[in-house]
Amino acid sequence: MENKEMRNKHKILMEYKYEPKSLKHGYTDKMLYVNVGDNRIEEKDIPEEVKEKFIGGKGYGMRYLWDAVNPDTKWDSEENEIVMSAGPIAGITQYPGTGKTLVCSISPMTDIPIDSNVGGYVGPYLKFSGWDGLEIQGKAKEDVIIVIDGIEGKITIETAPEESVDGHLLGEQLTEMYAKDEHEKRQISVITAGTAAEHTRMGILNFSFYDIRRKVARLKQAGRGGLGTVLRNKKVKGVVVKSKPVKGDLNNPFDQSIINKTGIKLHKEIANHDHEQNNMHKIGTAALIDTMIEFDLLPVHNFQYGTHKDAVKMGNKVFINKYLTQGMVDGCWYGCSLACAKAVDDFELKTGPYKGHKVVIDGPEYENAAGLGANCGIFNPETILELNFYCDTYGIDTISYGTSTAFAMECFERGIINKEITGGLELKFGNEEASLELIHQMSKGEGFGKVVGQGIHRMKKIFAEEHGADPDFLFDIGTEQKGLEYAEYVCKESLAQQGGFGFTNKGPQHDEAWLIVMDMVNNQIPTFEDKAEALHYYPMFRTWFGLLGLCKLPWNDIVPEGNAKTDEPAKIPEHVQNYLDLYYGITGKTITPEDMVRQSEKVYNFQRVFNIRMGKGLRANDKSPYRMMGPVTKEEYESRQERYDSQLKEKVGVDPEGKSTEEKIKILREYRYDQYEQLTDAVYKRRGWSNNGVPTKEKLQDLGMDLPEVLEVIEKHL
Amino acid sequence: MILNNEKFKNFEEGITIEDLIQYKNFNRNLIIVKINGKLINKNDYNKRKLKQDDKVEIHYLLAGG
């Protein structure tokens, strides 16, 4: 059906006209509220106190989500919201990595707040259309789209009965439908999910940006925690944001010149050094693959191992030389010269409903290659790319998919499940056809794909209760925590990274603290106190990006020339100063690095208390499955026997000689559990939390976050 | 020789920083080397021979996830 014909079938359920408010110093101070259940559209003034305490981005997401829900709210409750906000720096065009949006909701995976950051143009376009953020609440009776036209000053809720659901099609359809001509397509950004988001808990949101050279709506993903599942449960098919053309000063900054100057400095740095450092402009985040193989950190066969003889088949050079198109403008927001949003063009699909179609594939990101590939024993780059494409268009989180499938494969190989249970799928490691079939099943809501699509937390319960599996063993090898699947790094040899995953607010995602190299390779943080300091500073520092609308990559995936001479090179002090300058340039407020951490701590602790309010967020919820801490099985131990034997001797003080592998595993496990507990104590102390992981009243008072509703939650636990 | 707070077991008299970098398979553009607290210039990686009582820090600045 033609787009025009599809649009003619729309019924306008609500129309709301408004005068788009211009930005001042990065803010409009307006929140847009859309209820698709009763077709209500309202604007809210954002109070000064909220702005001061929560800054924007994830801060606004958490604040408005808290107000919308109650302790009994589930992901599919009417009152659950999807809240998104880009933050005050987002939307400038002079500095790389300044177009991020943070999306929050009660997660179908974890039942607590999730936050996920995403590129694409939606967040900045919302700002240019007069809104610091958007809340979507309620459930529509039929499929709808929300259209925010910042040029006309008009918002509509429209039925959308005929449009596709899959992301790559719907992104194109809506872009074309709401643009007057080819030129205007760049002023449109679209949010979509996908068909699998309707049948699994791990649904994603795709945020588009129109690529004028490729003439296609490219997709970036808010991947973690099932945000797409929430969107489709609300029967929202998509959100369209149409903005006036982008200009460099739309944020109406306090001091444009300092922003320009800071941006030019970083652009030069990237031009001079990226090719000899991480090569982000050529391969993007997949630059990590070779190093992870080298350091035995690439997850293989459900995190059992850190490398594989075939891993080289999916190495960096393979993607650079054979698949990724070079020389294109691959930034997911204007002005990003790091340009890591790589793509494969004219890829002919071999399976599924789009078999034979030639498509553009966004990626692969490192996580996609590692999760869809190595962790499932798949090293064929073309299968990885095909799975990557289908994850995106069907609306599935590549990390949860990869980790969940790897878990199911291990269960199959160990006889915990069989072909009768999988509906005939030979779910062995390396079975590419089985993984592809699984993903197509998720799209249709059929077969064993529907079971895997529930994620590991629920699979463990099903396998134990219905198929008689040993729950303790499943707990050991099921790499999820708080209900969310682990991101794709083997962290057995880095205690700090075990904590980096384990003490996260949302579940084991790597975007809070990635300390593997600092800890395991450099041995820079040897004591519990050192590790605790790192597990305080880095999560807080990185939370700041999510408050302001920034991408993490230009912070430390490119390093300035004089960095080695600074006191703390790992923090990239010159780039930290850049952020302080940008903050001043936008808002006119001068802050210090300590203030940055403090701004983050306010939101971070608020989110921790939010978790407690929803039934998690205590010490028991920060425990790790042993697969992420050490060797669970005999095969794992014996594959790295020299390493583990020497650790027993040197660290534990036990002579491994004459002991069986089982005995040695047990001793090592006790030692590592104890180390993790000691680290937990140290981190909680550093963060100002009780021994049970609860932010103390004194800590909250010190931060100015002793809000009555926050104290009410913690008082029950102190 | 102490490398990154631990005794380096494979020390051989006369090895250079460059040898260590190759042994560790680091990208030399992403590392910072200090010997006894003193920053070493990249051009000197080949020249500086390491001694048994040196305290060496090689910090790999891989940004990661």
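**The sheet and its helices**

Chain A has an open sheet of six strands, with mixed pairing and the order S3-S2-S7-S4-S5-S6. Please keep in mind that this is a predicted model. At the edges are strand S3, residues 40-45, and strand S6, residues 113-118, each of which pairs on one side only. On average, neighbouring strands of this sheet are turned by 15 degrees against each other, direction ignored.

Take one pair of strands. Strand S2, residues 30-35, and strand S7, residues 133-137, both of chain A, run parallel and are joined by five bridges. Within that pairing, Leu32(A) has Leu134(A) in S7(A) as its bridge partner.

Which helix packs on the sheet? That is helix H3 of chain A, residues 58-68, which touches S2, S4, S5, S6 and S7. The direction of H3 makes about 25 degrees with that of S5(A).

H3(A) also packs with helix H24 of chain A, residues 593-613, at an angle of about 35 degrees and with the axes 10 Å apart. Their crossing is left-handed. From H3(A) come Lys58(A), Gly59(A), Met62(A) and Trp66(A), and they meet Val603(A), Phe606(A), Gln607(A) and Phe610(A) in H24(A). Sorted by class, this contact has five nonpolar, two polar and one charged residues.

Last, helix H13 of chain A, residues 398-413. At 1.5 Å a residue, its 16 residues should span 22 Å, and the end C-alpha atoms are 22 Å apart, which agrees. Is H13(A) largely enclosed or exposed? Of its 16 residues, 15 are buried, so H13(A) is largely enclosed by the rest of the structure. After H13(A) comes Gly415(A), with a positive phi near 80 degrees.

Terms used
Residues are numbered from 1 along each chain as its sequence is written. Chains are lettered from A and ligands numbered from 1 in the order in which they are written. This is a predicted model: local features need pLDDT of at least 70, side-chain atom pairs count only at pLDDT 80 or more; totals for chains, interfaces and linings use all residues. Two strands pair if DSSP finds at least two bridges between them. Helices (H or I, at least four residues) and strands (E, at least two) are DSSP runs, numbered from the N terminus. Axes are lines fitted to C-alpha atoms, for helices over the stretch in contact, and angles run from 0 to 180 degrees between N-to-C directions. Two residues are in contact if their C-beta atoms, placed from the backbone, lie within 7 Å. The expected span of a helix is 1.5 Å times one less than its number of residues. A residue is buried if 20 or more other C-beta atoms lie within 10 Å of its own, exposed if 12 or fewer, and partly exposed in between; C-beta atoms are placed from the backbone. A crossing is left-handed if the near helix is turned anticlockwise from the far one by less than a right angle, and right-handed if clockwise. Ala, Val, Leu, Ile, Met, Phe, Trp, Tyr, Cys and Pro count as nonpolar, Asp, Glu, Lys and Arg as charged, and the others, Gly among them, as polar.
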